[in-house]
Amino acid sequence: MTTAMTTATPGAAAPTAADFAALEQRVRVLTDRADITGLIDGYLLSLDAVPGGGGRFDEAWARRHFTPDVRITSPVGEHEGIDGLAESEQATLGKFERTQHVGANYMIDLDGDRAAVRWNAVMAHVHLASTQRARGEEPGGHFDVGGTFTGEAVRTPDGWRLRSLDVRAVWTTGKGPLTPTPKAEATLRDLAGGQ
């Protein structure tokens, strides 16, 4: 059995209480960043797992990711408050057979118990077989979106949660859902140059 020994560098001063406090603060920042990144990744993964697995979005899903007073703006509409959020998400993603949301380039600007967040995402949406049949097309067609997410995360007694989220589409390929919301129609028209 070996024992590790720590030896001080000759002439080096022993760490002070201020050194330990600074180290503790750095560890807290790193922990907060990891927790917020985990929140974002968990949210994106949940968007793909629930409908594709035959499940439904529910209140537990909403509370795992959002504060009760959440405000969400997206290319398909707006939602305020956690009540009805699961049903809204179900209606949006239920228009697709399956999806895949990939996030990257997380920017997290911490300010105590709040953080401004931003990330990029590529989102693939495979159309329902019924959508493809209605269009006279083969199964497997998809609608892809590249976009940005910006918002605010806050520390709660249950951990970090998203308080606001603004989702912007930057580009799309493929046809949108068979029955888009009026806001989604306007978004697609704007991205196509108003055509």
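Visitor: How many aromatic pairs does a search of the whole structure find?
Guide: The search finds five aromatic pairs in this predicted model.

Visitor: What makes Phe57 and Trp61 an edge-to-face pair?
Guide: Their ring centres are 4.7 Å apart, with 65 degrees between the planes. Centres within 6.5 Å make a pair, and planes over 60 degrees apart count as edge-to-face, so the term applies.

Visitor: Why is the pair of Trp61 and Phe66 called edge-to-face?
Guide: The centres lie 5.9 Å apart, and the planes stand at 65 degrees. The distance is within 6.5 Å and the angle is over 60 degrees, so this pair is also edge-to-face.

Visitor: How do you know whether Phe57, Trp61 and Phe66 are buried or exposed?
Guide: Phe57 has a relative accessibility of 6%, Trp61 has 2% and Phe66 has 3%. Buried means under 20%, so Phe57, Trp61 and Phe66 are buried.

Visitor: Which residues form one aromatic cluster with Tyr43?
Guide: Phe57, Trp61 and Phe66 form that cluster together with Tyr43.

Visitor: Where is His125 placed, and is it buried or exposed?
Guide: His125 is in strand β4, residues 114-127. Its relative accessible area is 8%, which is under 20%, so His125 is buried.

Technical notes:
Residues numbered from 1 in each chain as written. Predicted model: local features only at pLDDT ≥ 70, side-chain atom pairs only at ≥ 80, totals over all residues. Heavy atoms only, no water. Phe/Tyr/Trp six-rings, centres within 6.5 Å; stacked < 30°, edge-to-face > 60°. Buried < 20%, exposed > 50% of the residue type's maximum accessible area, 1.4 Å probe, protein only. Helix = DSSP H or I, 4+ residues; strand = E, 2+ residues; numbered from the N terminus.
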